[in-house]
Amino acid sequence: MQQPFIEYVLQDLVREGSSIENNLYILPSKRSGVFLKHYLSNILKKTVFTPRIISIEEFVQEISGVKKASNIDLLLTLYESYQSSPAKEKDDFDTFLKWGETLLQDFNEIDRYLLPANDILNYLKSIKELDHWSLQPQKTPLVQNYLDFWEHIEYIYHDFNSRLIAKNLAHQGLIYRLATNNITEYAYENLKNPIVFLGFNALNTAESQIIQHLLSNTQCEVYWDIDACFLNDPVHDAGLFIRKYLNEWPHYKENRPKGIHGHFLTPKNIEITGVPKSISQTKYVGNTLKKQLNTNPEKTDNVAIILADESLLFPVAKSIPPEINKINITMGQSLRTTLLYSFFISVFELFEGKTKKGWYYKEVLNFVGNPYFKMSANTKNPDFVNHLTGLIKANSTTYIDAQSLRSLFVQKDVDFKLFPSHAFTPNTIIEYCLSLLLRLQQIFRKENNAVELQYAFTFYNLFHQLKKQLASIGFVNNIKTVKRFFKQLATMEVIDYIGSPIEGLQLMGVLESRTLDFETVIITSVNEGILPAGKSNSSFIPFDVKREYGLPTYKEKDAIYTYHFYRLIQRAKNVHIIYNTEPDVLEGGEKSRLISQLLTDNNIKPFVTHNIASPNIRIKPLIKEQIKKTPLLISDLKDLAEKGLSPSSLSSYIKNPMEFYKKYVLRLQDSIEVQEDIAANTFGTILHEALFLLYQPYLGKILIQDNFSSMRGKVNSILRESFHKHLPNTDLSKGRYLLIFHVIERYIENFVLMESKQIKHHQIKLLHLEKKFETTLDFDELHIPIKFKGFIDRIDEFDGTIRVIDYKTGKTEPSQVKIKSWEELDTSFSKSKAFQLLCYAYLLNRTDTMTSCIAGIYALKNLKNGFMPFSFNRNSILDEGMMHAFQNSLKKLILEIYNPEIPFEDKE
């Protein structure tokens, strides 16, 4: 590796006779200061007090004489200014939060670039007037309110800044504007020692004026970190800003710039690798580090992993080989990406959604399912959450109140203070969150968990600030607004990791790498939309206005990241650039233009290799799951024969033998879910029971018109009775269940109406309803009897012909109950309805003296098809010959099930 930039600066100062221990060093960020101290200690041969080392933001704030306001202060103060404006119609605080941060960023940019605020805001107001979408000569109230806001944008800006200054606070842009005004007086009174600026690139107007003033009026040096290769190329974005300063600053008309070097074209190894998807990139990073350990195990202290996509922090950290035991994370983590954030979101959603009926079950499960809940609950029952989830699902409970929770568990199971019964206000829910954090902090202290303590401490500060601010304002009056405010702040706040930057593997974001140099650099996610970030622009100021007034656009932002990218690799010896070959909306676009520039740069071409890497995936041939019929399994099948096989169980075998094995032999149940809509089987059960209760009084009778008149009057009450029996906690007065109730009611009414029309021309006599039939099958080949059983929905006599009727709530077509060969029954699940009808007819034939019948389906969803009878080659009469033929098919199927040589096999 070439000499690190910071070390070069210090040695150059020594060569020029500077007393480096007495200088004031100003850096782009505080993180670089640790490395500066390290190099100072190596160069100085005597014991000295550490010179003052600060970031540019700290320096500018010191000049301004005001403090930087917190994000909470800024948003609340901006809203107060907005509310005090002369605009007629104003958004509430909840709506304001959707656009307030964007306006804050625009005010910040206007001040940092020292723009005449009245000019640009007045210009912006005129553009909005020209730009509005209403084509009518008379403006609608919506358009008028929109333009009214922009009419008073200047007032909001000036009032906002005035309110902050009155509190001795400011946003970053205002700090820079104030510092520019104060720099002359401040420099005269306070800056006695030489000043050294090092490692800067893109300066805003305020920074540029401050540095130029110091260059002209104090002992000041500026060390740029730029390669001559980029500086001398008039179109290379890496040198865009520094070229501009060298051409425009008066200081450089007479003085030579410092920090210009030629390291980029020195021999180095640049490996560009395309890897599919983000997680594969993290695995590739791990493999690259393993190779580094194998070749040079002592050199991991000079290796940096640069995360262009900072959301990969934890996946990358998990992929680092365990042999590397010293890792320094030099970047912040957004509060919004932490599990603790999701815990507090579940708290807000739990109490925000609470109604008179209680808490919504999904929000209860989200709350208790979070790991932090279990810590907070102080429960002695380790299976508390699973037990609660099982009870909620078993009872199909959609809303739960505090009393219900207490009835589910004894007091020792869980601290029920976590489920307070009183209604929450914005202040009390913050108090509740603070109490949760105090519980968690005690636990983390006992466990000596420093990382979790840092999370808890950061969230505690955020909630404490919220509490303090909400106590002094009156416009936040519901939990929903507090939640939105919390989410907004959590996006803006970060948790800084504290480590030892001098030792171990460095894990950092792109901006954290400023002024730092490493022998080996690994850069991930070098894709368009990530590095550089692309054209995403959160601003009310249009592109052309920004260009007109000199505000940075995506062009300048791209140039900033181009500079950082090339600065990272210019002194490195080994560079690994990794990009995603399979990008999507969430993971950036195609490979970055920065990679294309490297690949097409003839000067650097000898040092660059480009490869595509992919995981070594071995596709194993699909082996169908098989269960051999062991003696124990045969014994279970014999038990099943005693309990009885049903048409449904045999249909299940035809569909998939493995499904039959799991459901009927192992008796594994499907997972239970709370029925918010209504499960298909519950829908059918309710409808079948309602039909049974309607027709039951007329069993053994011939149906007449008066019967149907009576039935129509009872449909609603009988259906309600059936609903409350099977879904006891449902509310039929509104919502989904009311709609479902009316759907079933309409099905039944249509069926009753159809039959009332039929009896005008036909005679229907009810013989059986929901009748259970069973028989014993004795096959010589089996040596054990098989109980065969089933419930038949209805048996009637239609004009002297016996009908076996099955009600279906799903859509059924006539083709599904017609077959052309008996083999179709055993091989095609699509004929399962025909198979079930034959089973019912067979059961009736075995237990009754009837000689023939017809069997069919009424599909209540599409009654226009009427009664759909089973038919074999267009013959619908099920006589003794037909039953004998079916028995052969049934026998073949059962013998296959009980054949020890034929395993249960999963069908594709």
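Author: A residue is termed buried under 20% relative accessible area, exposed over 50%, and partly exposed in between, with a 1.4 Å probe and protein chains only. This is a predicted model, in which local features need pLDDT of at least 70, side-chain atom pairs count only at pLDDT 80 or more, and totals for chains, interfaces and linings use all residues. Residues are numbered from 1 along each chain as its sequence is written, and side-chain values use heavy atoms, with hydrogens and water left out.

Reader: Why is Arg 874 called exposed?

Author: Arg 874 has a relative accessibility of 83%, and the term requires over 50%, so Arg 874 counts as exposed. Arg 874 is found in the loop between strand S26 (871-872) and helix H34 (880-897). Helices (H or I, at least four residues) and strands (E, at least two) are DSSP runs numbered from the N terminus.

Reader: What makes the backbone of Arg 874 worth noting, given its phi?

Author: Phi of Arg 874 is positive, about 70 degrees, although Arg 874 is not a glycine. Most residues other than glycine have a negative phi, and most peptide bonds are trans. Arg 667 also has a positive phi, near 60 degrees, and is found in the loop between helix H28 (657-665) and helix H29 (680-695). With a relative accessible area of 54%, Arg 667 is exposed. As for peptide bonds, the one from Leu 531 to Pro 532 is cis, with omega near -5 degrees; Pro 532 lies in the loop between strand S16 (520-524) and helix H23 (543-549).

Reader: Is Glu 109 buried or exposed, and how do you know?

Author: The relative accessible area of Glu 109 is 13%, and the limit for the term is under 20%, so Glu 109 is buried. Glu 109 has its place in helix H5 (residues 93-112). Leaving aside neighbours within four places in sequence, Glu 109 is in contact (heavy atoms within 4.5 Å) with Leu 551 and Pro 552.

Reader: What makes a set of residues a nonpolar core, and which members of the largest one touch the most others?

Author: A nonpolar core is a set of buried Ala, Val, Leu, Ile, Met, Phe, Trp, Tyr and Cys residues joined through side-chain atoms within 4.5 Å. The largest has 104 residues, of which Ile 305, Phe 344 and Phe 463 touch the most other members. Apart from this core lies another, of 90 residues, among them Leu 191, Ile 195, Tyr 252 and Ala 308. Returning to Phe 463, its contacts beyond four places in sequence include Phe 344, Phe 348, Ile 430 and Phe 486.
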